[in-house]
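Hello,

As promised, I am handing over the structure, and my notes on it follow below. Please have a look at it first and then read on.

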Amino acid sequence: MNSLAKVPVTVVTGFLGSGKTTLIQHLLANAGGKKLAVLVNEFGSEGVDGEILKSCADANCPEENIVELANGCICCTVADDFIPTMEQLLARPVRPDHILIETSGLALPKPLLKAFDWPEIRSRITVDGVIALADAEAVAAGRFAPDPAAVEAQRAADENLDHETPLSEVFEDQIACADIVLLTKADLAGATGIEAAKAAITAEMPRRVPMLPVTDGAIDARVILGLGAAAENDLAARPSHHDGEEEHEHDDFASVVIDLPEVSNVDALVASIQRLAREQNVLRAKGYIAVAGKPMRLLLQAVGERVRHQFDKPWAAGVRQSKLVVIGEHGDIDEAAIRSGLGLSGSGI
């Protein structure tokens, strides 16, 4: 790459558990010879997604090119975290050919795009494209409006009532900023679910963009990298619920990190997490679990009641400690209730 050319940056956004890390894992494994760097932002202090991606490091994307920003939403910490981190990546002895940014599931992409106009970096990087991921099965089921018919009835009865939930606003801002929308977990949604998700997203989009079904993050990198969108110069076409605001907050959401003892019954743990989703409205849970008699750590990820888990690699020496990050709306995160729900006040797991 010409040293004067701007480094293209792809912003990967999407709601909690939509499959962003899985997509980036696929891109790292199928980089086509490009030298990549990854900036991964997480909501909460435990960097689970960054740890997953570091396990995929290779010659084209060495571990030092995978940088985590934890315990702070990237769109709220531009000056303190994002700009210095981008400067560090650009100062690497071997400059990356392409940078991937995985935002947290709660991040609003537009404030991040505005940051690309900061003097320190604007002449050196450009937003090649914004890729928004949407869980096709969830969108088809209308989970971002718990009762759409009731909401519509309220809107008709009171035009001054604000019906938007924090979750729906985040989702709508993410897809409104996109150059391409990937409908993830297409295998779970099926053809009917995919069409329903497309219809729901089209109704919210300010402009037409491609929508592509994806399973397990498998998509040709040439489809989503190299778009040349220069999105930082096209902000007017990407409306946000927060346009006109000086700043925004994420006080609607909270996270807590739960230390767990060694688990002997994985099925019981899964059932407990599913119960937390139903009874305490937990949106997302993720972490590494120590399972009795197993040298490998168990990677567990949950979106609502959908829980997936797999053994990924052995524990590092002296680090065998289960930790679970739990995310939900602020009023639903009660650490004592969550600990009780996980059986930590008794036996259970």
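D216 sits in the loop that runs between β7 (211–213) and α9 (221–224); helices here are DSSP runs of H or I with at least four residues, strands are runs of E with at least two, and both are numbered from the N terminus. With a relative accessible area of 54%, D216 is exposed. That word stands for over 50% relative accessible area, buried for under 20%, and partly exposed for what lies in between, using a 1.4 Å probe and protein chains only. D216 is not a glycine, yet its phi is positive, at about 55°.

Before you go further, please note that this is a predicted model, in which local features need pLDDT of at least 70 and side-chain atom pairs count only at pLDDT 80 or more, while totals for chains, interfaces and linings use all residues. Residues are numbered from 1 along each chain as its sequence is written, and side-chain values use heavy atoms, with hydrogens and water left out.

A230 also has a positive phi, near 45°, and is a residue other than glycine. Its place is the loop between α9 and β8 (253–260), and at 24% relative accessibility A230 is partly exposed. For background, most residues other than glycine have a negative phi.

The largest nonpolar core has 24 residues, and F82, M86, I99, I101, L113, F116 and I125 are the ones that touch the most other members. Such a core is a set of buried Ala, Val, Leu, Ile, Met, Phe, Trp, Tyr and Cys residues joined through side-chain atoms within 4.5 Å. Two or more residues come from each of β1 (7–14), β2 (36–41), α3 (78–90), β4, α4 and β5 (125–135). The biggest share is that of α3, with five residues. Another core lies apart from this one; it has 23 residues, including V256, V291, L300 and L324.

What does F116 touch, leaving aside its neighbours within four places in sequence? F116 is in contact (heavy atoms within 4.5 Å) with V9, F82, I101, I121, R122, I125, T126, V127 and E232.

You will find T103 in the loop between β4 (98–102) and α4 (109–115), where it is buried because its relative accessibility is 1%. Its side chain makes a polar contact with the side chain of T13, at 3.5 Å. For a polar contact, a pair of N or O atoms must be within 3.5 Å; within protein, one must be able to donate a hydrogen and the other to accept it, and residues adjacent in sequence count only if both atoms are side-chain atoms.

Helix α1 (residues 20–29) has K20, T21, L23, I24, L27 and L28 as its buried residues. They lie on the same side of α1, because they cover an arc of only 155° around the axis, taken from the directions from the helix axis to the C-beta atoms.

Finally, A277 belongs to helix α10 (residues 266–280) and is buried, with a relative accessible area of 12%. Not counting residues up to four places away in sequence, A277 touches V282, G304 and E305.

Best wishes
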